[in-house]
Amino acid sequence: MSPRAAPEEGASPSEPAHAATSYRPGYELVAERLLVYIAERKLQPGDRLPTEQQLAEIFQSGRTVTREAIKVLAAVGRITVRKGAGIFVAVPSNAVAEEQVAYFQPTNLEHVLMMFDHRRLIEAETARRAATLATPLQVRAIREAAEQSLVAAPGSDHREFARSDRLFHDAVASASGNVFLQASVTTLRDFAQQSDLLLFRGDLPGSLTVAARQHVAVAEAVAAGEPEKASAAMIAHIDTTQAQFERRIRDRLLNVVDDPKERP
């Protein structure tokens with residue numbers, strides 16, 4: 001699979017095309033190594049992992065850094081920590097996605113591009129169908145979520161924007177009238193959230209205003225009953241988001257500076 005190149009349109013004119021990364025936090029490196037460890041050993045959901053101390057020895061990292069990596073991966077649902085029992089590969093709530101969850105590496109460029117390629121196919125179709133099938137109440141929900149994201153964008157309220165962003169994409173998926181498409185959108189958003197946390201540390205990439213305006217463009221096309229326009233607007237939005245992720249991953253690969261303070 002070879003995802004098409006994404007346009008460089010993620011940042012506003014006042015923002016730099018990309019921001020150089022001076023270092024990578026130690027917990028982030030250990031989190032990546034732990035995901036690779038799970039994949040290479042073909043560990044299955046429910047399998048026990050080494051203890052925190054053993055993982056620190058395996059990755060030659062400090063206990064504090066290793067503990068933070070475990071917390072991050074537990075927060076995104078990749079591992080489970082059971083007090084008094086140990087650390088385990090998480091069992092996904094969606095059994096169908098089990099193999100995908102075990103395979104996906106959230107900071108691997110190839111994996112992220114495949115995820116966006118899949119997302120582009122799925123969400124272009126949900127937008128197309130929403131423009132044909134959405135009820136007045138569903139159109140209103142899509143518009144309200146798009147407008148909420150536009151309100152949150154200027155102040156860079158990342159938490160509120162993330163909430164409205166999920167509401168928007170879920171509302172479009174719901175209006176598609178296909179529960180399987182809805183489930184796919186939810187799964188893909190969960191994967192994207194893993195990359196968000198590891199790449200952007202809870203913030204969101206690029207210009208929130210650009211993304212919010214793209215939400216509004218999709219909402220307007222859905223409201224107008226224009227399926228091809230809605231699909232094209234959704235594709236443009238996902239292309240922009242993909243470009244932002246690509247820049248961040250490539251910056252990390254090209255501009256990493258070894259900072260002893262952050263060394264695991």
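Tutor: Start with one term. A residue is buried when its relative accessible area is under 20%. Keep in mind that this is a predicted model.

Student: OK, so is Ser164 buried or exposed?

Tutor: Ser164 has 0% relative accessibility, so it counts as buried.

Student: Which helix is Ser164 in?

Tutor: Helix α7, residues 158-175.

Student: And what does Ser164 touch, leaving out residues up to four places away in sequence?

Tutor: Ala145, Gln148 and Ser149.

Student: How far is Ser164 from Val151?

Tutor: Their C-alpha atoms are 9.7 Å apart. Along the chain, 13 residues separate the two.

Student: New topic: α9. Why does its end-to-end distance agree with what a helix should span?

Tutor: Helix α9 has 16 residues, 208-223. At 1.5 Å a residue it should span 22 Å, and its end C-alpha atoms are 22 Å apart, so the two agree.

Student: Which residues of α9 are buried?

Tutor: Among them are Leu208, Val210, Gln214, His215 and Val222.

Student: What comes just after α9?

Tutor: Gly225, with a positive phi of about 70°.

Student: Now the whole chain. How many helices and strands?

Tutor: Ten helices and three strands. From the N terminus, the order is α-β-α-α-β-β-α-α-α-α-α-α-α.

Student: How much of the chain is buried?

Tutor: Buried residues are 46% of the 264.

Student: What about contacts between residues 24 or more positions apart?

Tutor: They make up 78% of the chain's contacts with a separation of 6 or more.

Conventions
Residues are numbered from 1 along each chain as its sequence is written. This is a predicted model: local features need pLDDT of at least 70, side-chain atom pairs count only at pLDDT 80 or more; totals for chains, interfaces and linings use all residues. Side-chain values use heavy atoms; hydrogens and water are left out. Helices (H or I, at least four residues) and strands (E, at least two) are DSSP runs, numbered from the N terminus. The expected span of a helix is 1.5 Å times one less than its number of residues. Buried means under 20% relative accessible area, exposed over 50%, partly exposed in between (1.4 Å probe, protein chains only). Contact means heavy atoms within 4.5 Å.
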